[in-house]
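Here is a friendly briefing to read alongside the model. Please have the sequence and the coordinates open as you go through the points.

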Amino acid sequence: MPEEELVELKFRLYDGSDIGPFRYSPTSTVAMLKERIFSDWPKDKKIVPKTANDIKLISAGKILENNKTVGQCKVPFGELPKGTITMHVVVQPPLTKAKTEKKLDEPQKKFFCSCSIL
């Protein structure tokens, strides 16, 4: 594959530090990028994803879907000169898991109704 077809990406973490830059084929998926980020995650960070699914990638203000390719995500940058594209990384556990954990952690609230007839 010719060198000029590769897309150079770096990933900006919550504290301003970066992972990368790395070169990817335009056919690489967002899921593949998340796996790479997960495997290269710095061990000294306070916030650490438990799985690659806990990672959200943001590019051009949009959260990228796992099945999209780098080529599809690069579209808004097509007119820019060659350079490194920065994507922002957010660690967020899946919502269904978070809701389930919250229900288990909270004590059950019991509501009572009482009426008095005088």
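## Confidence first

Within this predicted chain, helix α3 (residues 95–105) has the lowest confidence, a mean of 54, while α1 has the highest, at 90. The score is pLDDT, the predictor's confidence in each residue on a scale from 0 to 100. Across the chain the mean pLDDT is 77, and 70% of the residues reach 70 or more. Where pLDDT is low, the predicted coordinates should not be read in detail.

Numbering starts from 1 along each chain as its sequence is written, and side-chain values use heavy atoms, with hydrogens and water left out. As this is a predicted model, local features need pLDDT of at least 70 and side-chain atom pairs count only at pLDDT 80 or more, whereas totals for chains, interfaces and linings use all residues.

**The sheet**

- Helices (H or I, at least four residues) and strands (E, at least two) are DSSP runs, numbered from the N terminus.
- An open sheet is built from 5 strands in the order β2-β1-β5-β3-β4, with mixed pairing.
- At its edges are β2 and β4 (62–63), each of which pairs on one side only.
- Strands count as paired if DSSP finds at least two bridges between them.
- β1 pairs with β2 in the antiparallel sense over 5 bridges.
- β3 and β5 are antiparallel and joined by 4 bridges; here Ile 55 has Val 91 in β5 as its bridge partner.

- In β1, Val 7, Leu 9 and Phe 11 make up the covered face, and Glu 8, Lys 10 and Arg 12 the uncovered one.
- Helix α1 lies across β1, β2, β3 and β5, and runs at about 120 degrees to β3.
- That angle is taken between N-to-C directions on a range from 0 to 180 degrees, with axes as lines fitted to C-alpha atoms, for helices over the stretch in contact.

**Salt bridges**

- Side chains of opposite charge can pair when their charged atoms come close.
- The cut-off used is a side-chain nitrogen of Lys or Arg within 4 Å of a carboxyl oxygen of Asp or Glu, and the count by this rule is 5 salt bridges.
- One of them joins the side chains of Glu 8 and Arg 23 at 3.2 Å, N to O.
- This pair links distant parts of the chain, with Glu 8 in strand β1 (residues 7–12) and Arg 23 in strand β2, 15 residues apart.
- Glu 8 also stands opposite Arg 23 in the strand pairing.
- Asp 18 and Lys 10 form another salt bridge, at 3.6 Å, N to O.
- Lys 10, Asp 18 and Arg 12 belong to a linked network of salt bridges.
- Lys 45 and Asp 15 meet at 2.5 Å, N to O.
- Since Lys 45 lies in the loop between α1 and β3 (55–59) and Asp 15 in the loop between β1 and β2, the pair ties together parts that are 30 residues apart in sequence.

**Accessibility of the charged residues**

- Buried means under 20% relative accessible area, exposed over 50%, and partly exposed in between (1.4 Å probe, protein chains only).
- Glu 8 is partly exposed at 21%, and Arg 23 is partly exposed at 45%.
- Lys 10 is partly exposed at 21%, and Asp 18 is partly exposed at 33%.

**A loop residue to look at**

- Ser 28 sits in the loop between β2 (18–24) and α1 (30–39).
- Ser 28 is buried, with a relative accessible area of 8%.
- Apart from its neighbours within four places in sequence, Ser 28 is in contact with Lys 68, Thr 69 and Val 70, where contact means heavy atoms within 4.5 Å.
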